[in-house]
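Subject: Structure for your set-up

Hello,

Here is the structure you were expecting. My notes follow below it.

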Amino acid sequence: MWTSELRTTDTPSETAPREPLSDTLKRLRQDQTLTLAKLAAQSGLSVSTLSRIENGQLSPTFETLEKLCSGLGLSLNAFFNAGQTSSLSGWRSLTRKGQGRLVETPHYRLELLCDDVVAKQALVFRAEILARDLSEFDALQRHMGQEQILVQSGQIRVFTEHYAPVDLQPGDSFAFDSAMGHALISLSETPAEVLWISTSGA
């Protein structure tokens, strides 16, 4: 599904295996000496939800991942690449059309592109905007880092905290601080498509 060529100072031709998300969450929580109850309070998620994720019984939605990152004080990129080596050189990565790892939520359908390379400082998604109205969101989303979107098809409206909504057409690009509340909705008859880049807040 994903193809990459990596070189490190220790293992020139080997790629370290990806840690399961459940193990990553448990390790990061324990590294910060957080109990499940404490992380639940900081993230706005229930203890039972966190326990099910750590035990591999529940796959978190993108919104849940954002809440986890907020509770841990990490960007999405830092969470996905936690504990991975970054001393890579001469790397490359390929995701064929339609073969990226999918993350589906009630608001967005996200396809992660070239996410097997841990040296990257950004997550890149091909995204369909499914939401049609701001009322579909419980609250504006926020997390560490920066984001940029480039509209590829359809029309979207971007809501950001402190600012009036902005409507974007194909070819328009919009960047913002991820810590500021934000939400995207589609104004098109069919879900709008955007290229979405999320960078580390580190």
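What covers the buried residues of helix 3? The cover includes helix 1 (21-31), helix 2 (36-43) and helix 4 (62-72), judged by contact, that is, heavy atoms within 4.5 Å. Helices are DSSP runs of H or I with at least four residues, strands are runs of E with at least two, and both are numbered from the N terminus.

On provenance: this is a predicted model, where local features need pLDDT of at least 70, side-chain atom pairs count only at pLDDT 80 or more, and totals for chains, interfaces and linings use all residues. Residues are numbered from 1 along each chain as its sequence is written, and side-chain values use heavy atoms, with hydrogens and water left out.

Helix 3 spans residues 47-54, and Leu 50, Ile 53 and Glu 54 are buried in it (under 20% relative accessible area, 1.4 Å probe, protein chains only). These residues lie on the same side of helix 3 because they cover an arc of only 95 degrees around the axis, taken from the directions from the axis to the C-beta atoms. Just after helix 3, Gly 56 has a positive phi of about 70 degrees.

An open sheet has six strands in the order 3-4-5-11-6-9, with antiparallel pairing (pairing needs at least two DSSP bridges). Its edge strands, each pairing on one side only, are strand 3 (101-104) and strand 9 (173-177). Strand 6 (146-153) and strand 11 (192-199) are joined by seven bridges in the antiparallel sense. The bridge partner of Ile 149 in strand 11 is Trp 196.

Regards

Definitions and conventions. Buried means under 20% relative accessible area, exposed over 50%, partly exposed in between (1.4 Å probe, protein chains only).
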